[in-house]
Amino acid sequence: MLRYVTFLLSGFTIMCIKILVGTIKGYMAAVNKHYRDNKFREPFDAKDDSDAAVLLRAQEKFEDAPAKRAPLTNQMIVKMCELAKQDPLGFHACVWDFVAIGRFGGFRQQEYAMDSKTEIKYYVKPDGTCVVRAFTVKNFIFYNTGDVILEKPLRNRVVVNKLGTQYDVQKNRMNGQIVCVVRLLDYPDYDPVDCGLNIVARASHLGFTDPDDPLCVYKKGDKVYYLTGEDITAYFRFIAKLVNPNISDAELKLIASHSLRVFAAVLLSEAGKDGPYIKLRLRWLSDCFEVYLRNTNRITEQHADALESVHAQMVALTLAATNMNTVVQV
């Protein structure tokens, strides 16, 4: 099996082209089926420690390295904010409002979208309890300046000072955690609290008012739909092409619904926040957040700024050496 895998990885295929690990695994599944149909033991297990399996896992990591999701960009944020104003109940506005908060919360797709436009997806807890995937009405908690919870925030939006997003089910198992964001009074277009109010107002207008009703709803024509990860990915790529018409297909493929979470991590990294801060705010327990960090333009500029004093010292040394040489020559 190792020889067969090596043969395929080297490009000796029907079309004489390099193929990815996913395709090779498909070939191996066909091999296993052939053996199984003929009452023989399957020769390949992708999870064992055979040389063939280890080689494929190593190659898969190599393929994944350049395919990490790219973060959203500031230009994309501005364009989404602009398009959201055209229809407050529509798809663009719904996506934008979650993006505006997700820049702070680092939302995963499971937290702000469903898999289907028309069906609610549930988690089933060990005790059999069903929990709606993605935020529901009860998961958005609004506070005034005194940190008092407001039961009817839409009745007096101006007194709302803070939004708490509650996570019923999380990968890190810190279920029920609440993470808050505050008003951006100087930047109302990008205020996450106001966008949170917009989300609740839209859901309420469309008839989603019960505590367990999903919030990721929008109206298209006469029908109401749920946001889906697939539609969000398509929209992010559409926006990316609008702001950067020359973006390559390879770069475009790196943008997806998960780009929002990557963007949130990158923003905190650019702001100089350390690992514990990023983990606390974006709900990580391990250091795996580090794979989200990128060498962005801002990080590159900060690198130059960090060495400013070093370069100034070098210039001073150069001048001193020049003056010394002049004295020696005289």
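This is a predicted model: local features need pLDDT of at least 70, side-chain atom pairs count only at pLDDT 80 or more; totals for chains, interfaces and linings use all residues.
## Packing of H5 against H8

H5 spans residues 91–105 and H8 spans residues 229–243. The two helices pack at an angle of about 90 degrees, and their axes lie 11 Å apart. Angles of 65 to 115 degrees count as roughly perpendicular, and H5 and H8 are therefore roughly perpendicular to each other.

## The three-stranded sheet

Three strands form an open sheet in the order S3-S4-S5, and their pairing is antiparallel. Strand S3 (140–143) and strand S5 (177–182) are the edge strands, each of them pairing on one side only. From one strand to the next, the twist averages 25 degrees.

Strand S4 covers residues 162–167 and is joined to S5 by six bridges, the two strands running antiparallel. Within this part of the sheet, Tyr167 stands opposite Gln177 of S5. Helix H5 packs on the sheet and touches S3, S4 and S5. The direction of H5 makes about 75 degrees with that of S4.

## Nonpolar cores

The largest nonpolar core contains 58 residues. Those that touch the most other members are Met80, Phe98, Phe140, Leu227 and Phe236. Helix H5 supplies the largest share of this core, with nine residues.

When neighbours within four places in sequence are left aside, Phe98 is in contact with Phe107, Tyr112, Phe135, Phe140, Ile199, Leu215, Cys216, Leu227 and Leu260.

## Ser269 in H10

Ser269 is located in helix H10, which covers residues 259–270. A residue is classed as buried under 20% relative accessible area; Ser269 has a value of 19% and is therefore buried. Not counting residues up to four places away in sequence, Ser269 touches Ile278, Leu293 and Ile299.

## Summary

Methods
Residues are numbered from 1 along each chain as its sequence is written. Side-chain values use heavy atoms; hydrogens and water are left out. Axes are lines fitted to C-alpha atoms, for helices over the stretch in contact, and angles run from 0 to 180 degrees between N-to-C directions. Helices (H or I, at least four residues) and strands (E, at least two) are DSSP runs, numbered from the N terminus. Angles under 35 degrees count as roughly parallel, over 145 as roughly antiparallel, 65 to 115 as roughly perpendicular and the rest as oblique. Two strands pair if DSSP finds at least two bridges between them. Contact means heavy atoms within 4.5 Å. A nonpolar core is a set of buried Ala, Val, Leu, Ile, Met, Phe, Trp, Tyr and Cys residues joined through side-chain atoms within 4.5 Å. Buried means under 20% relative accessible area, exposed over 50%, partly exposed in between (1.4 Å probe, protein chains only).
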